[in-house]
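Visitor: Hi, I've just opened this one and I'm new to it. Could you walk me through it?

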Amino acid sequence: MGLFSGSIPQFAVYGLLFFVCGVLSFFSGFVVVWPFVLPLIPGIAQATGCSMVGLLVAPFVGGMITGMSPISIGGAMILGGCQNSELREKLFMPQLIHGIVLWLIGNLLAFTPLVTMFGLW
(Lines give C-alpha, C1' and ligand atoms only; values in the text may rest on other atoms or scores of the structure.)
Protein backbone atom coordinates (compact mmCIF):
# COMPACT_ATOMS: atom_id res chain seq x y z
CA MET A 1 0.00 0.00 0.00
CA GLY A 2 1.11 3.50 -0.76
CA LEU A 3 1.43 6.56 1.38
CA PHE A 4 -1.90 8.01 0.26
CA SER A 5 -3.89 4.78 -0.08
CA GLY A 6 -6.37 5.55 2.70
CA SER A 7 -6.05 9.26 3.29
CA ILE A 8 -7.40 10.73 0.02
CA PRO A 9 -10.99 10.14 -1.12
CA GLN A 10 -11.26 8.57 -4.55
CA PHE A 11 -13.05 11.52 -6.12
CA ALA A 12 -10.18 13.78 -5.05
CA VAL A 13 -7.69 11.54 -6.87
CA TYR A 14 -9.60 12.07 -10.11
CA GLY A 15 -9.83 15.78 -9.41
CA LEU A 16 -6.10 16.07 -8.75
CA LEU A 17 -5.28 14.33 -12.01
CA PHE A 18 -7.70 16.60 -13.84
CA PHE A 19 -6.16 19.67 -12.16
CA VAL A 20 -2.52 18.76 -12.79
CA CYS A 21 -3.02 17.70 -16.40
CA GLY A 22 -5.03 20.83 -17.12
CA VAL A 23 -2.28 23.07 -15.77
CA LEU A 24 0.46 21.22 -17.63
CA SER A 25 -1.50 21.17 -20.87
CA PHE A 26 -2.29 24.87 -20.58
CA PHE A 27 1.39 25.66 -21.09
CA SER A 28 2.69 22.76 -23.12
CA GLY A 29 -0.07 20.91 -24.91
CA PHE A 30 -1.78 17.60 -24.41
CA VAL A 31 0.68 15.81 -26.69
CA VAL A 32 3.35 16.35 -24.03
CA VAL A 33 1.18 15.71 -20.97
CA TRP A 34 -0.43 12.40 -21.97
CA PRO A 35 2.82 10.38 -22.36
CA PHE A 36 4.02 11.87 -19.08
CA VAL A 37 0.93 10.85 -17.10
CA LEU A 38 0.04 7.54 -18.76
CA PRO A 39 2.74 5.42 -17.02
CA LEU A 40 1.60 6.73 -13.62
CA ILE A 41 -1.97 5.46 -13.98
CA PRO A 42 -1.48 1.76 -13.01
CA GLY A 43 0.45 2.67 -9.87
CA ILE A 44 -2.14 5.23 -8.81
CA ALA A 45 -4.94 2.74 -9.46
CA GLN A 46 -3.23 0.08 -7.38
CA ALA A 47 -2.42 2.44 -4.49
CA THR A 48 -5.82 4.12 -4.28
CA GLY A 49 -8.26 1.50 -5.56
CA CYS A 50 -9.67 3.95 -8.10
CA SER A 51 -11.18 2.86 -11.36
CA MET A 52 -8.64 2.50 -14.15
CA VAL A 53 -11.11 3.98 -16.63
CA GLY A 54 -11.65 7.01 -14.43
CA LEU A 55 -7.93 7.48 -14.00
CA LEU A 56 -7.55 7.47 -17.78
CA VAL A 57 -10.49 9.79 -18.44
CA ALA A 58 -9.66 12.45 -15.83
CA PRO A 59 -6.24 13.47 -17.21
CA PHE A 60 -7.46 13.06 -20.78
CA VAL A 61 -10.36 15.49 -20.31
CA GLY A 62 -8.33 17.86 -18.13
CA GLY A 63 -5.56 18.04 -20.69
CA MET A 64 -7.81 18.35 -23.72
CA ILE A 65 -9.86 21.19 -22.26
CA THR A 66 -6.87 23.50 -21.92
CA GLY A 67 -5.00 22.25 -24.96
CA MET A 68 -6.32 25.07 -27.15
CA SER A 69 -5.05 27.93 -25.00
CA PRO A 70 -2.88 30.33 -27.01
CA ILE A 71 0.11 29.49 -24.83
CA SER A 72 0.02 25.76 -25.64
CA ILE A 73 0.90 23.93 -28.83
CA GLY A 74 -2.66 23.66 -30.16
CA GLY A 75 -3.52 27.30 -29.59
CA ALA A 76 -0.22 28.46 -31.03
CA MET A 77 -0.92 26.44 -34.17
CA ILE A 78 -4.33 28.08 -34.49
CA LEU A 79 -2.86 31.55 -34.08
CA GLY A 80 0.03 30.73 -36.38
CA GLY A 81 -2.32 29.53 -39.10
CA CYS A 82 -4.38 32.69 -39.01
CA GLN A 83 -3.28 34.87 -41.93
CA ASN A 84 -5.11 38.02 -40.82
CA SER A 85 -3.04 39.79 -38.13
CA GLU A 86 -6.02 41.73 -36.76
CA LEU A 87 -8.02 38.54 -36.34
CA ARG A 88 -5.03 36.82 -34.75
CA GLU A 89 -4.81 39.55 -32.11
CA LYS A 90 -8.55 39.26 -31.43
CA LEU A 91 -8.32 35.48 -31.02
CA PHE A 92 -5.73 35.51 -28.23
CA MET A 93 -7.92 36.62 -25.30
CA PRO A 94 -11.00 34.52 -26.19
CA GLN A 95 -8.81 31.43 -26.48
CA LEU A 96 -7.17 32.20 -23.14
CA ILE A 97 -10.48 32.85 -21.38
CA HIS A 98 -12.08 29.77 -22.96
CA GLY A 99 -9.32 27.51 -21.64
CA ILE A 100 -9.36 28.98 -18.15
CA VAL A 101 -13.16 28.99 -17.75
CA LEU A 102 -13.61 25.43 -19.00
CA TRP A 103 -10.76 24.24 -16.82
CA LEU A 104 -12.33 25.88 -13.74
CA ILE A 105 -15.76 24.39 -14.48
CA GLY A 106 -14.18 21.00 -15.04
CA ASN A 107 -12.31 21.24 -11.74
CA LEU A 108 -15.50 22.09 -9.89
CA LEU A 109 -17.13 19.00 -11.36
CA ALA A 110 -14.10 16.73 -10.95
CA PHE A 111 -13.68 17.50 -7.25
CA THR A 112 -17.28 16.69 -6.34
CA PRO A 113 -18.39 13.29 -5.10
CA LEU A 114 -21.29 13.48 -7.59
CA VAL A 115 -18.95 12.36 -10.32
CA THR A 116 -18.21 9.07 -8.57
CA MET A 117 -21.80 8.68 -7.37
CA PHE A 118 -23.17 8.49 -10.91
CA GLY A 119 -20.38 6.21 -12.07
CA LEU A 120 -18.85 8.77 -14.42
CA TRP A 121 -15.34 7.92 -13.28
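Visitor: Let's begin with Pro70. Where is its place?

Guide: Pro70 sits in the loop between H4 and H5. Helices here are DSSP runs of H or I with at least four residues, strands are runs of E with at least two, and both are numbered from the N terminus.

Visitor: Before we go on, what kind of model is this?

Guide: It is a predicted model, where local features need pLDDT of at least 70 and side-chain atom pairs count only at pLDDT 80 or more, while totals for chains, interfaces and linings use all residues. Residues are numbered from 1 along each chain as its sequence is written, and side-chain values use heavy atoms, with hydrogens and water left out.

Visitor: Thanks! Back to Pro70: buried or exposed?

Guide: Pro70 counts as buried because its relative accessibility is 8%. The cut-offs are under 20% relative accessible area for buried, over 50% for exposed, and partly exposed in between, using a 1.4 Å probe and protein chains only.

Visitor: And which residues is Pro70 in contact with?

Guide: Leaving aside neighbours within four places in sequence, Pro70 is in contact with Gly75, Ala76, Leu79, Phe92, Gln95 and Leu96. Contact means heavy atoms within 4.5 Å. Pro70 and Phe27 are 43 residues apart along the chain, and their C-alpha atoms are separated by 8.7 Å.

Visitor: Gln95 is in that list. Where does Gln95 lie?

Guide: Gln95 lies in helix H6, which covers residues 85-110. Gln95 counts as buried because its relative accessibility is 11%. Apart from neighbours within four places in sequence, Gln95 is in contact with Met68, Ser69, Pro70, Gly75, Ile78 and Leu79.

Visitor: What about Met68, then: buried, exposed or partly exposed?

Guide: Met68 counts as partly exposed, at 43% relative accessibility. Met68 lies in the loop between H4 and helix H5, residues 73-81. Not counting residues up to four places away in sequence, Met68 touches Gly74, Gly75, Ile78 and Gln95.

Visitor: How many residues apart along the chain are Met68 and Ser25?

Guide: They are 43 residues apart along the chain, with 8.8 Å separating their C-alpha atoms.

Visitor: Tell me about Gly99. Which helix is it in?

Guide: Gly99 is in helix H6. Gly99 is buried, with a relative accessible area of 2%. Setting aside neighbours within four places in sequence, Gly99 is in contact with Ile65 and Thr66.

Visitor: Let's zoom out. How many helices and strands does the protein have?

Guide: The protein has 7 helices and 0 strands. From the N terminus on, the elements run α-α-α-α-α-α-α.

Visitor: And what percentage of the residues count as buried?

Guide: Of the protein's 121 residues, 35% count as buried. The protein exposes about 7100 Å², and carbon and sulfur atoms supply 78% of that. Accessible areas come from the Shrake-Rupley method with a 1.4 Å probe, and for residues only the protein chains shown count as cover.

Visitor: Now the helices. At what angle do H1 and H4 pack?

Guide: H1 and H4 pack at about 30°, with their axes 7 Å apart. Axes are lines fitted to C-alpha atoms, for helices over the stretch in contact, and angles run from 0 to 180 degrees between N-to-C directions. H1 and H4 are therefore roughly parallel to each other. Angles under 35 degrees count as roughly parallel, over 145 as roughly antiparallel, 65 to 115 as roughly perpendicular and the rest as oblique.

Visitor: Which residues meet there?

Guide: Val13, Tyr14, Leu17, Phe18, Cys21, Gly22 and Ser25 in H1 meet Gly54, Leu55, Ala58, Pro59, Val61, Gly62, Gly63 and Ile65 in H4. By class, this contact of H1 with H4 has 10 nonpolar, 5 polar and no charged residues. Ala, Val, Leu, Ile, Met, Phe, Trp, Tyr, Cys and Pro count as nonpolar, Asp, Glu, Lys and Arg as charged, and the others, Gly among them, as polar.

Visitor: How about H3 and H4? What is their angle?

Guide: Helix H3 (residues 41-48) and helix H4 (residues 52-65) pack at about 130°, with axes 9 Å apart. H3 and H4 are therefore oblique to each other. Ile41, Pro42, Ile44 and Ala45 in H3 meet Met52, Leu55, Leu56 and Pro59 in H4. By class, the contact of H3 with H4 has 8 nonpolar, no polar and no charged residues.
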